[in-house]
Amino acid sequence: MSVVVTGSAGFIGRTLVETLAAAGERVIGIDRAPQPPRPGLTVLTADLLSDDDLVRAALEDAAVVYHLAGCPGVRDRGADVARRRRRDNVLAGARVLATVPRSVPVLVASSSSVYGGARGGRPSHETDPLRPVGGYARSKTALERLCAERLARGGRTTVIRPFTVAGEGQRPDMALSLWLAAAREGRPLRVLGSLDRTRDVTDVRQAARAMADLAAAGAQGAVNVGTGRGQSLRAMAAAVAEALDTEVSFTVEPAPAVEPGASLADVRRLRSLIGWSPETDLRGLVRRQAAAAHPLVEAT
Ligand code: NAD
């Protein structure tokens, strides 16, 4: 039997496919974006809402489904972002949850944004009340509600709440990618709010490993995927400067409401489920991300 990864052409999906294939799994990767052939991967290029027979068969026959497809990012980009969030985060998720048989585990990528930030700097715990701010967080909260319904009907369901994920192939709209691009071009780094804001940053390879391990552990319900350590934007900027061996300058703008002052994961549940001990070497992670974005430049 195969495992299915939706969103397999995306940032986290690509690394998850690699992780699963390296562990000997046969992977079917479903994404509407094209993806290159890779060992151990069967590519299915289709929209999850397209009524494609191959998509349905893959979801019905899977051993495990990792549902990562979606419209990511807390900031409102593009005129039709509300429609895309509803379509790709809520409706596509509903389709996946309804198609996969209840006996088959589904691991669904939600987001730490459902917490609305770390209140008073306290780590967010899975049992905290959800306080979504903005359309992205609300769409993920709606997705989580569908997951809770499947779980209540006896469907094996895991809600994964990743905090900020970084590393090779990070989405170009994410802060570190934007900062690396700006620093390379000698432009100032755009800071929303203050350099004292913090983010809980997880290495994409470890986040992918955690998802695979959570499936193996048979985890049910919500699980944070973070490091439990907050990294200040100041530390991230210093890591960018060091990775590119350059000086950086800043422009500071007010932070929109969707950007919390701090994000921090309580990782006790993850630790007890899979024995999680994450790496928190931010400078090494940023160096790797920088080198992967420009391998030829870095090699010379
Ligand atoms: P990404 O945009 O790189 O990947 C998502 C992929 O899903 C894309 O390749 C896209 O083509 C595909 N997709 C979207 N809707 C689809 C549909 N209807 N049918 C088929 N394919 C579809 O995003 P990412 O950063 O890899 O994030 C993966 C998941 O994790 C997302 O659900 C995101 O919301 C969540 N998440 C990411 C982070 C992070 O730091 N990157 C943090 C928290 C949560």
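How far is an oxygen atom of the ligand from a polar backbone atom of Leu68? The gap is 3.1 Å, which makes the pair a polar contact (N or O atoms within 3.5 Å). The protein covers 92% of the 830 Å² of accessible area that the ligand has on its own, using the Shrake-Rupley method with a 1.4 Å probe.

A quick word on the model: it is predicted, so local features need pLDDT of at least 70 and side-chain atom pairs count only at pLDDT 80 or more, while totals for chains, interfaces and linings use all residues. Residues are numbered from 1 along each chain as its sequence is written, and side-chain values use heavy atoms, with hydrogens and water left out.

**Around the ligand**

| Residue (backbone atom) | Ligand atom | Distance |
|---|---|---|
| Gly10 (N or O) | oxygen | 3.4 Å |
| Leu48 (N or O) | nitrogen | 2.9 Å |
| Leu68 (polar) | oxygen | 3.1 Å |

There are 28 residues around the ligand, and Ile12, Asp31, Tyr136, Lys140 and Arg171 come nearest; to be near, a residue needs a heavy atom within 4 Å. Sorted by type, the shell holds 15 nonpolar, six polar and seven charged residues, with Gly counted as polar. Helix 1 (11-22), helix 3 (81-99), helix 4 (135-152) and strand 7 (164-166) each give two or more residues to this shell. Helices (H or I, at least four residues) and strands (E, at least two) are DSSP runs, numbered from the N terminus.

On a 1 Å grid over the protein atoms alone, a cavity is where a 1.4 Å probe fits but cannot get out, and a pocket is an open set with protein on both sides within 12 Å along at least five of seven lines; lining residues have an atom within 4 Å of a point.

The count comes to one cavity of 30 Å³ or more, and the largest cavity has about 40 Å³ of space. Its lining includes Pro105, Arg156 and Gln220, and strand 6 (157-162) and helix 6 (204-217) each supply at least two residues.

The second largest pocket has a volume of about 180 Å³. Helix 5 (175-184) and helix 9 (282-293) each supply at least two of its lining residues, with helix 5 giving the most, four. That lining divides into five nonpolar, five polar and two charged residues.

How values were computed
Polar contact = N/O pair within 3.5 Å; in protein donor to acceptor, adjacent residues only side chain to side chain. Points joined across faces, edges and corners; volume = space filled by probe spheres on them.
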